[in-house]
Amino acid sequence: MAQVHPFRAYRYNPAKADFARVLTQPYDKITPSMQYKYYAADAHNLIAIEKGREFPADSAADNVYTRAAASLREWMAQNVLVQDPAPAFYAYFQEYSVPGTEEKRTRTGFIGLGTLEDYEARVILPHERTHAGPKADRLRLLHHTKANTGQLFMLYADPQRRIDTILQETAAAAPPVMEVRDEYGVAHRLWPISDPAVIAHIQREMAQQKLVIADGHHRYETAINYRNERRAQTSSFSPDAPYERTMMTFFNTHSAGLTILPTHRIVSNLPRFSWENFRRSVSSSFQIEELPYVTDTERVAARARLLQRLRESGARRALGLSAGAATSARAYFLLTLGDAADLSNLLAGDSTLQRELDVVLLHNFIFEKVLGITPQAVSAEAHIAYEREAAAALDAVDRGAAQLAFLLNPVAVEQVMRMALAGEVMPQKSTDFYPKLLSGVTIYRFEP
């Protein structure tokens, strides 16, 4: 089962760096404007390593990856990054407001190293499909930096919450060694756990677990690829080799603070799209509720009703829809799966678990069978774009930038675990765990 290990993390030295000015969001969430802001914030901002600037004059000797490695070495030499004196796990708490609500939550986890396992071993499991592009970029970065600066978000299931109790006791016993509030208002706090007896207790508890990757599939698969390269180079296997492990953050699915947000879908550039044909095709399986509006004020109210009706649909399997100018009336729509709908027919090629997911119903029935968008086109994002904010998805249709917007309810964490433990995966971008884990909170340097 899962093998977890303490490590001597490199962390920003508070005497030389302001946490609020040097830590970043995960690399795949960093937009060009965020990258510019991070560079302007501080000369030691992690952006130079996590997602550095590329220039037209870049060469094999001087490029984004060589500069990242040089920055890491320089900051270590200057004691901007300092290695902790003893191996530790790190209690990591995030206090946040659930987007779109006033509800406050605290997510409680810990950072450590996890032994890399091939998926076939059924110890560490994915829950989403991945694309090759990001893995190639992250592998080149690993080749140069020999370090993990970003976190892998891992799930485990402990109904008794035994490790959560340890983490809560750790937080109650001393002030955090790091406390920072990010640009989204999320408070991040960190406590080292270096007591050998407590470390051994955590390792024993985690040895009973299987792990599911919640976020960071590309980074995990990149770590596997790097490990395989190093094994081939050394022509031997050493289970304690530093590259046999990677940095992970572990969260209990039975903790109260886990939040998954939906990722909505925007459809554009469909040739010969017909609203009448679409409505006719889905009406045999879905009840279609129309939420009309005339004025802009009524449109705001219709949006609110759509989102409320979508949330209230629960197990009835519903999708929100905007079709913009394609319809004869100004309206939003709620598509609710009919009681007589036969999922074994609509989703004949999918497993029973897959059929339980709204995102699979959207992709494999509406996209593929009704709209003719093939899985290959979805993978290439030829007609599909993704948007976390429902308002932004609806805006894209209202201003004519997209033909359709489909709104989804979030996937439940129990569904994520069931799918992964059964050896199945969801479509890409099925889940959005919120908030994200800050990069640079801890750094694992696995080779000099």
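This is a predicted model: local features need pLDDT of at least 70, side-chain atom pairs count only at pLDDT 80 or more; totals for chains, interfaces and linings use all residues.
Start with helix 15, residues 390-398. Color Ala-390, Ala-393, Leu-394, Ala-396 and Val-397, which are buried. Now look down the axis of helix 15: these buried residues fall within an arc of 150°, so they line one face of the helix.

Next, show what surrounds that face. The buried residues of helix 15 pack against helix 10 (296-312) and against several strands, including strand 14, strand 16 (318-322) and strand 17 (331-337). Strand 18 (384-387) and strand 19 (404-407) are also among their packing partners.

Go on to Arg-272, in the loop that runs between strand 14 (264-267) and helix 9 (275-283). Arg-272 is not a glycine, yet its phi is positive, about 60°. Is the residue buried or exposed? Arg-272 is exposed, because its relative accessible area is 77% and the cut-off for exposed is over 50%.

Then select Lys-429, in the loop between helix 16 (413-421) and strand 20. Lys-429 is another residue other than glycine with a positive phi, here near 60°. Its relative accessibility is 32%, so Lys-429 counts as partly exposed.

End at Tyr-434 and Pro-435. Which kind of peptide bond joins them? The bond is cis, with omega about -5°. Pro-435 lies in the loop between strand 20 (432-434) and strand 21 (444-445).

Definitions and conventions
Residues are numbered from 1 along each chain as its sequence is written. Side-chain values use heavy atoms; hydrogens and water are left out. Helices (H or I, at least four residues) and strands (E, at least two) are DSSP runs, numbered from the N terminus. Buried means under 20% relative accessible area, exposed over 50%, partly exposed in between (1.4 Å probe, protein chains only). The arc is that of the directions from the helix axis to the C-beta atoms. Contact means heavy atoms within 4.5 Å.
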